[in-house]
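The points can be read in order with the model open.

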Amino acid sequence: MDMININVTKEQAIRQIVKSNVINFAQTFSERHISEVGNPNGTINMKIHNVFISALGPEIQYYTSLVRSLDSSLGNMLERMALSIAELKFDVTQNVEGYLYPEQYQIISTLLEGYKNSKNPLKPEMAHYDQIDKASAVYRNDASLDVSAFHKTHVSDYCFYDKGTNEYYIIELKIGGDLDNKKARSEKEAIFEQYAILKNILPEDAKITCYFATAYNRFGEGMPWQQGRVRQFFCEDELLIGKDFWDFVCGSEEGYNVVIDEYKKSASFILDALNDIKYTYLGD
């Protein structure tokens with residue numbers, strides 16, 4: 001996808017999306033936890049049942065619960081924020097529906113087993129998507145075949161369509177990208193299956209590109225991204241890490257800088273919310 005300089009109108013729209021998402025997140029996060037202060041089954045109060053945490057005192061109990069909740073909730077907010085920004089450029093859906101043929105299942109399974117087996121020299125590469133394409137040829141060329149039994153709907157993180165270039169993109173986003181072997185395999189399987197379904201229902205020459213993405217580079221922005229388990233299942237051309245992801249959804253090489261700049265400007269709303277929660281649970 002070609003990147004363009006971001007214009008003033010689009011930059012303002014992106015900044016407004018970032019700010020509104022942060023403000024809404026801060027409000028709902030604060031209201032949720034404050035409303036649970038008297039609830040023994042609330043997110044923070046449930047830690048009293050972990051005797052190994054509660055024995056360390058109420059402050060440790062509070063902070064360990066809050067940090068976990070903040071990390072998870074913040075990740076969900078970033079996913080929604082990216083979706084809203086992407087809608088400025090793409091037609092966006094979060095599922096693909098069509099047909100997944102048995103031969104494609106077999107090829108996907110064989111590829112995944114090959115990636116998983118350290119003794120197998122097979123490494124992920126973009127050309128492997130072509131194998132999935134070829135497996136649908138018999139169904140594509142014989143309209144008399146009944147394919148109804150192969151119907152499938154697959155939930156996606158993001159499925160984008162760029163009207164300007166007539167290109168499709170399938171993206172699985174994991175905020176930090178720190179996956180174990182099992183999860184990395186399931187992410188690649190999900191992408192392979194979504195690709196196959198979309199390819200089967202679109203014209204034969206349709207262009208579809210698939211990515212595994214992260215919202216930030218856990219090794220530091222600009223540093224090599226060496227998450228071994230993910231790289232075991234994804235090649236370099238399938239990765240959108242940190243800045244590359246935000247630039248992509250914004251459609252501009254300036255996208256990441258705009259998003260991060262506005263987020264930093266709006267972060268005080270989250271800090272205020274965290275202080276309100278802390279006061280409710282711990283007092284001054």
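1. A term is needed before the pockets are discussed. Helices here are DSSP runs of H or I with at least four residues, numbered from the N terminus. A residue lines a pocket if it has an atom within 4 Å of one of the pocket's grid points. The model itself is predicted.

2. Start with the largest pocket, which holds about 400 Å³ of space. Its lining is made up of 17 residues, and those closest to the centre are Asp-71, Lys-174, Ile-175, Gly-176 and Gly-177. Two elements each give two or more residues to this lining: helix H3 (58–86) and helix H7 (181–201). H3 supplies the largest share, six residues.

3. Sorted by class, the residues lining the largest pocket are seven charged, six nonpolar and four polar.

4. The second largest pocket has a volume of about 210 Å³. Leu-78, Ala-215, Tyr-216, Trp-246 and Ile-260 lie nearest its centre, out of 13 lining residues. H3 and helix H10 (255–282) are the elements that contribute two or more residues to the lining of this second pocket.

5. Which element gives the most to the lining of the second largest pocket? That element is H10, with four residues.

6. The class make-up of the second largest pocket's lining is ten nonpolar residues, two polar and one charged.

Definitions and conventions: Residues are numbered from 1 along each chain as its sequence is written. This is a predicted model: local features need pLDDT of at least 70, side-chain atom pairs count only at pLDDT 80 or more; totals for chains, interfaces and linings use all residues. Side-chain values use heavy atoms; hydrogens and water are left out. On a 1 Å grid over the protein atoms alone, a cavity is a set of points where a 1.4 Å probe fits but cannot get out, and a pocket is an open set with protein on both sides within 12 Å along at least five of seven lines; lining residues have an atom within 4 Å of a point. Grid points are joined across faces, edges and corners, and a volume is the space filled by probe spheres set on the points. Ala, Val, Leu, Ile, Met, Phe, Trp, Tyr, Cys and Pro count as nonpolar, Asp, Glu, Lys and Arg as charged, and the others, Gly among them, as polar.
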